[in-house]
Amino acid sequence: MFRKDIKREEVDYLADAEVTNFAADRIVRGQRVENVNAKIAVTPDLVHVRGDGRIAGAQSAFDYKKSKTNSDAEFRVTSTLDDASRSRLGVDLLPWLSGPVVVKASGRISEQETRIDVDTDLTMAKVNELIANYPPGRQASAVIGVLDLAQRQQGWLPRVAMNE
């Protein structure tokens with residue numbers, strides 16, 4: 001015979017699922033995600049989603065954890081953004097910066113606020129027309145113009161971007 005008064009702490013479960021070739025509109029900053037392959041695990045205490053796919057056309061890997069006992073969710077996303085995907089995300093730095101930029105973002109999402117740390121790798125990118133404005137031996141200073149443009153477009157610059 002089944003009990004009618006089962007308490008939440010008496011129940012333990014694990015549900016695993018794999019999602020392949022998933023797509024949806026307006027998921028990340030209003031952008032489409034597609035070709036998503038992910039593993040989803042749900043327990044009484046945690047929802048965990050990990051996988052990869054394309055966000056705004058850029059190949060991305062992601063990890064999302066949401067505790068059922070805490071209102072905050074944690075996330076990590078790594079993407080390689082080309083000129084077109086940066087433009088779709090509203091970070092169009094052409095003609096000053098072109099080429100692929102690796103972006104790693106991690107943070108917490110709560111009902112009150114979202115906190116994000118962003119790390120960028122400009123190794124594969126090219127700083128274009130700005131370099132011509134600087135004398136020989138001083139071209140590295142061109143990055144200041146790129147950072148200024150990024151700050152004007154985004155309204156802020158993460159500390160890690162300034163340190164690079």
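**Entry 1: ground rules**

I noted that residues are numbered from 1 along each chain as its sequence is written, and that side-chain values use heavy atoms, with hydrogens and water left out. The model is predicted, so local features need pLDDT of at least 70 and side-chain atom pairs count only at pLDDT 80 or more, while totals for chains, interfaces and linings use all residues.

**Entry 2: the sheet**

I began with the strands. Strands (E, at least two residues) and helices (H or I, at least four residues) are DSSP runs, numbered from the N terminus. Two strands pair if DSSP finds at least two bridges between them. In general, strands of a sheet pair through backbone hydrogen bonds, either parallel or antiparallel.

In what order do the seven strands stand in the open sheet? I read the order as 1-2-3-4-5-7-8, with antiparallel pairing. The edge strands are strand 1 and strand 8 (114-121), and each of them pairs on one side only. From one strand to the next, the twist averages 15 degrees. For such angles, axes are lines fitted to C-alpha atoms, for helices over the stretch in contact, and angles run from 0 to 180 degrees between N-to-C directions.

**Entry 3: strand by strand**

I followed the pairs along the chain. Strand 1 pairs with strand 2 (residues 31-42) in the antiparallel sense, over eight bridges. Val28 has Gln31 in strand 2 as its bridge partner. These two strands form a hairpin, with two residues between them. Arg29 sits in that turn and has a positive phi of about 50 degrees.

Next I looked at strand 2 and strand 3. They also pair in the antiparallel sense, over eight bridges. Here Val33 has Ile55 in strand 3 as its bridge partner. Three residues make the link in the hairpin that joins strand 2 to strand 3.

Then I checked strand 3 (residues 46-55) and strand 4 (residues 58-67). They run antiparallel and are joined by 10 bridges. Val47 stands opposite Lys66 in strand 4.

**Entry 4: salt bridges**

I turned to charges. Side chains of opposite charge can pair when their charged atoms come close. A salt bridge here is a side-chain nitrogen of Lys or Arg within 4 Å of a carboxyl oxygen of Asp or Glu. How many salt bridges does this rule give? The count comes to eight.

I also sorted residues by exposure: buried means under 20% relative accessible area, exposed means over 50%, and partly exposed lies in between (1.4 Å probe, protein chains only).

Asp72 forms a salt bridge with Arg108, with the closest N and O atoms 3.5 Å apart. Asp72 lies in the loop between strand 4 and strand 5 (73-81) and Arg108 in strand 7 (residues 101-109), so the pair ties together parts that are 36 residues apart in sequence. Asp72 is partly exposed at 21%. Arg108 is partly exposed at 35%.

Arg86 and Asp83 meet in a salt bridge at 2.5 Å, N to O. Both lie in helix 1 (residues 83-88), three residues apart, which is about one turn of the helix. Is Arg86 buried or exposed? Arg86 counts as buried because its relative accessibility is 4%. Asp83, with 25%, is partly exposed.

Glu113 and Arg115 make another salt bridge, at 2.9 Å, N to O. Glu113 is partly exposed at 41%, and Arg115 is exposed at 55%. I also found a network of salt bridges that links Asp25, Arg32 and Glu34.

**Entry 5: a serine pair**

I looked up Ser79, which lies in strand 5. Ser79 counts as buried, at 9% relative accessibility. Its side chain makes a polar contact with the side chain of Ser60, at 2.5 Å. A polar contact is a pair of N or O atoms within 3.5 Å; within protein, one must be able to donate a hydrogen and the other to accept it, and residues adjacent in sequence count only if both atoms are side-chain atoms.

**Entry 6: the surface patch**

Which residues make the nonpolar surface patch? I found Ile6, Val11 and Tyr13, and the patch is about 270 Å². Patches are made of residues with over 30% relative accessible area and no salt bridge; like charges are joined within 9 Å, nonpolar side chains (Val, Leu, Ile, Met, Phe, Trp, Tyr) within 5 Å. Accessible areas come from the Shrake-Rupley method with a 1.4 Å probe, and for residues only the protein chains shown count as cover.

Ile6 is in the segment before strand 1 (15-28). Ile6 is exposed, at 52%. Tyr13 is placed in the segment before strand 1 and is partly exposed, at 36%. Tyr13 and Pro44 are 31 residues apart in sequence, with their C-alpha atoms 6.5 Å apart in space.
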